[in-house]
Amino acid sequence: MRDLLGSETLGSFSDALDEALRLQASKLHAPDSRKSDKGLRRFTIREMADIAFRMNYNTLRHHLKTIEGLPEGIMEPGNRRTFSLEEIHEIQSALFEAGKVPNDLFPGKFEGESTSKLLVYNLKGGVSKTSTAANLAQFLALRGFKVLLVDLDPQASLSDLFDIQADLDGFPSIYDVLRYEEQADGETRVPIADAIQATYFPNIDILPGSISLTEFEYETASAAAKGIPFYSRISDALSLVEDAYDVVLFDTPPHMSFCVIAALYASNSMLIPLSAGMLDVVSLVKFLDLASSTLESIEGVDPAKRFEFVRILLTRYSPNDPAQLQLSSFLRNTLGTAMLNTDFLASTAIADAGNTMNPLLEVDPSSFTRKTYDRILESLHGIALEIEREIMVARGRIGSGEETS
Ligand SMILES: Nc1ncnc2c1ncn2[C@@H]1O[C@H](COP(=O)(O)OP(=O)(O)O)[C@@H](O)[C@H]1O
Ligand SMILES: [Mg+2]
């Protein structure tokens with residue numbers, strides 16, 4: 001008779017994979033191969049002008065020559081000057097002081113302006129939530145925005161992308177911040193400031209995710225039975241640190257959870273990535289229904305709860321595919337300006353990034369054809385610009401009908 005399979009079988013698969021992954025991770029994270037050891041690549045004057053400052057290239061070159069005391073970067077082979085991101089932001093501050101950067105292009109908050117808290121949210125997996133959060137964070141950080149990433153996914157892919165692995169490295173994660181019992185199982189609740197880690201990417205910090213987030217779900221159920229509210233769990237913790245950031249970006253898991261509801265409560269804007277397939281649109285309808293009733297119950301707790309903006313981003317989009325092209329115009333006809341104008345194109349440069357753990361700004365442009373690189377760069381840059389514009393409207397620096405400088 002055939003052996004029946006049970007818990008030991010699954011357990012043995014898990015043991016074998018776990019062992020193999022650990023081995024692979026220890027290779028990936030051997031000294032000097034970690035991103036945090038190598039740091040971020042340097043940027044050209046062209047990139048500084050086009051992406052970081054959004055300033056005419058020749059104007060920037062003129063400022064670099066005429067304003068004294070600015071960092072000079074280093075001269076690379078081929079007579080190409082490059083700058084670290086820290087140098088770029090030092091130059092940006094100096095140009096702002098000198099009146100060369102208009103207010104609506106200056107990323108820092110002014111007195112009285114509040115932090116943008118953007119929830120990247122869709123219940124479906126594989127719709128580019130994590131890729132959107134990672135790339136958006138990097139483009140905004142390159143512009144000079146101070147970004148805090150909050151990884152709400154127990155799988156912690158976003159944290160992985162930034163080479164922060166709370167579970168593997170034994171650092172506290174968001175779970176340790178949110179947990180109810182101040183002290184249990186030999187662990188103690190951690191103040192949020194102690195759980196946030198700087199990444200190798202200047203201007204991006206992260207509150208890492210962890211598999212233990214699943215425990216938060218069980219604990220919330222029993223805490224709720226004792227009358228301890230969970231809605232404000234994330235916003236209360238965040239309120240202690242958010243002033244230090246211009247933008248907080250939440251990456252969400254592909255399921256509804258108490259943690260996601262608490263993030264919905266904590267956020268003041270939403271970006272919904274939607275991949276370009278008919279089935280995805282059908283599931284979006286169900287998702288929007290669920291999100292709407294979740295928000296309704298949040299409004300029951302906090303009647304003043306409002307979002308500054310809610311936008312939908314078409315992802316993994318191939319404009320050459322007639323069916324997708326049709327879907328895109330259907331969505332734009334139906335949803336109008338709720339859709340971002342820029343789509344997140346399907347691109348090998350992004351698919352590869354999933355394997356090499358390198359978001360687009362970190363890859364060597366020369367490892368792709370110029371056209372491949374430029375198209376996806378333009379797509380991601382366009383998305384970041386639209387989100388930046390929403391941020392500036394929310395801050396009141398531009399009117400909602402106006403263009404930025
Ligand atoms: N625009 C894109 N083009 C090609 N591959 C993509 C794109 N966006 C995401 N991917 C790949 O699809 C997979 C799922 O994307 P991910 O961002 O993790 O989605 P989610 O967080 O919604 O589950 C990853 O392997 C990622 O590299
Ligand atoms: Mg994800």
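## Walking out from helix α5

Let's start with α5, which has 13 residues and reaches 18 Å from its first C-alpha to its last, close to the 18 Å expected at 1.5 Å a residue. That expected span is 1.5 Å times one less than the number of residues in the helix. Helices here are DSSP runs of H or I with at least four residues, strands are runs of E with at least two, and both are numbered from the N terminus.

A quick word on what you're looking at: this is a predicted model, where local features need pLDDT of at least 70, side-chain atom pairs count only at pLDDT 80 or more, and totals for chains, interfaces and linings use all residues. Residues are numbered from 1 along each chain as its sequence is written, while chains are lettered from A and ligands numbered from 1 in the order in which they are written.

Back to α5. Its buried residues are Leu 85, Ile 88, His 89, Ile 91, Gln 92 and Leu 95. Seen down the helix axis, these buried residues fall within an arc of 155°, so they line one face of α5; the arc is taken over the directions from the helix axis to the C-beta atoms. Turned away from that buried side is a face with the exposed residues Glu 86 and Glu 97. (Buried means 20 or more other C-beta atoms within 10 Å of the residue's own, exposed means 12 or fewer, partly exposed is in between, and C-beta atoms are placed from the backbone.) What sits over the buried residues of α5? The cover includes β1, α3, α4 (57-66), β3 and α6 (129-143). After the helix comes Gly 99, with a positive phi near 75°.

Two of those covering elements, β1 and β3, also belong to an open sheet of three strands, ordered β1-β3-β2 with antiparallel pairing. β1 (43-44) and β2 (74-76) stand at the edges with a single partner strand each, so one side of each has no neighbour in the sheet. β1 and strand β3 (residues 80-83) are joined by two bridges, and Phe 43 stands opposite Phe 83 in β3. For strands to count as paired, DSSP has to find at least two bridges between them.

Now zoom out to the domains. The protein chain splits into domain 1 (43-101) and domain 2 (107-395), with bounds taken from an automatic or database domain assignment. Their C-alpha centres lie 30 Å apart. Six residues from domain 1 and five residues from domain 2 make the contact, where contact means C-beta atoms, placed from the backbone, within 7 Å. On the domain 1 side, α3 (45-53) and α5 (85-97) are the elements that give two or more residues, and α5 gives the most, with four residues.

Elsewhere there is an open sheet of seven strands, running β8-β9-β5-β10-β4-β11-β12 with mixed pairing. The edges are β8 (197-198) and β12 (309-315), each with a single partner strand, so one side of each is left without a neighbour in the sheet. Strand β5 (residues 147-151) pairs with strand β9 (residues 204-207) in the parallel sense over four bridges, and Asp 205 in β9 is the bridge partner of Leu 148.

Last stop: helix α11 (residues 213-225), with 13 residues and a reach of 19 Å from first C-alpha to last, close to the 18 Å expected at 1.5 Å a residue. Leu 213, Phe 216 and Thr 220 are buried in α11, and their cover includes α9 (174-178) and α13 (258-266). Gly 227 follows α11, with a positive phi near 85°.

Methods:
Two residues are in contact if their C-beta atoms, placed from the backbone, lie within 7 Å.
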